[in-house]
Amino acid sequence: KNLSNAIGAFERTLITESRFDKYLNGDATALTAEEADGLKSFISSGCVACHKNSLLGGDMFWKFGLFGNYWEHTKSELIDKGKAEVTNKDSDSYIFKVPSLRNIEKTGPYIHDGSVSDLGETIRIMGITQMNHKIEKEEIEKIVTFLKSLTADIPDEVKQEPVELKDLYLL
C-alpha cells in the first residue's frame, strides 16, 4: 500500500501545465496558429474518438487493429494479443489501453511494443488501422505540431535522484 501511494505521489508531480492546458483554460494565444491548425486536423482526422478528455486518452481500452492486423503496419516482431494475454478471453484479443498523449513527443518509441520510433509514422499507422483512413503527410505534420503543444516541463525536484530509504532513517 505504501509503495502504491509513493508511486501515485510521484506520478502526480509529473502532471504539469502545458501550453495546450493554457489554451483549454481560455488563453487563445497559448497555441501558435500552426498548433491550432494541427488541433483542427487532430479533431477532423478522428483522433479524438479515442484520445479525448483532458488527458487525451489514458481512460479506456480499445482494440488495436480495427481495420487490419496492426503488426502488418508496425512490423512488430512479437504479436501481442493485448488484454487476452492476461484474461485468456478471445473477446479481449488485441485490446490495449489507449495511451494519454501528454508529453507524447518525449515518450517514444511508440505503440504498445515500442515498434515505431517516429511519431508521424505512428499517426499514419493509427489512421489506417483504427479509422480505415489514410492521413495525408501534410495533415500528419500538422497533428505532430499540435501534439508538441502537449509537452510540459517536468519540475527540477522530480528530476533529482531519490533519497535512499536507509538515509531517511538517519533524519
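Which side chains meet in a salt bridge with Asp21? The partner is Arg102, at 2.7 Å from N to O. A salt bridge here means a side-chain nitrogen of Lys or Arg within 4 Å of a carboxyl oxygen of Asp or Glu. This is a predicted model, where local features need pLDDT of at least 70, side-chain atom pairs count only at pLDDT 80 or more, and totals for chains, interfaces and linings use all residues. Residues are numbered from 1 along each chain as its sequence is written, and side-chain values use heavy atoms, leaving out hydrogens and water.

**Salt bridges**

- The count comes to six salt bridges.
- Asp21 and Arg102 are both buried (under 20% relative accessible area, 1.4 Å probe, protein chains only; exposed is over 50%, partly exposed in between).
- Glu121 and Arg124 form a salt bridge of 2.7 Å, N to O.
- Glu121 is partly exposed because its relative accessibility is 28%; Arg124 is partly exposed at 26%.
- Glu139 and Lys142 form a salt bridge of 3.5 Å, N to O.
- Shared partners join Asp37, Glu138, Glu139 and Lys142 into one salt-bridge network.

**Helix packing**

- Helices are DSSP runs of H or I with at least four residues, and strands are E runs of at least two, numbered from the N terminus.
- H3 (residues 33-44) packs against H7 (residues 137-148) at about 115°, with axes 7 Å apart.
- Axes are lines fitted to C-alpha atoms, for helices over the stretch in contact, and angles run from 0 to 180 degrees between N-to-C directions.
- Contact (heavy atoms within 4.5 Å) involves residues including Asp37 and Phe42 of H3 and Lys142 and Phe146 of H7.
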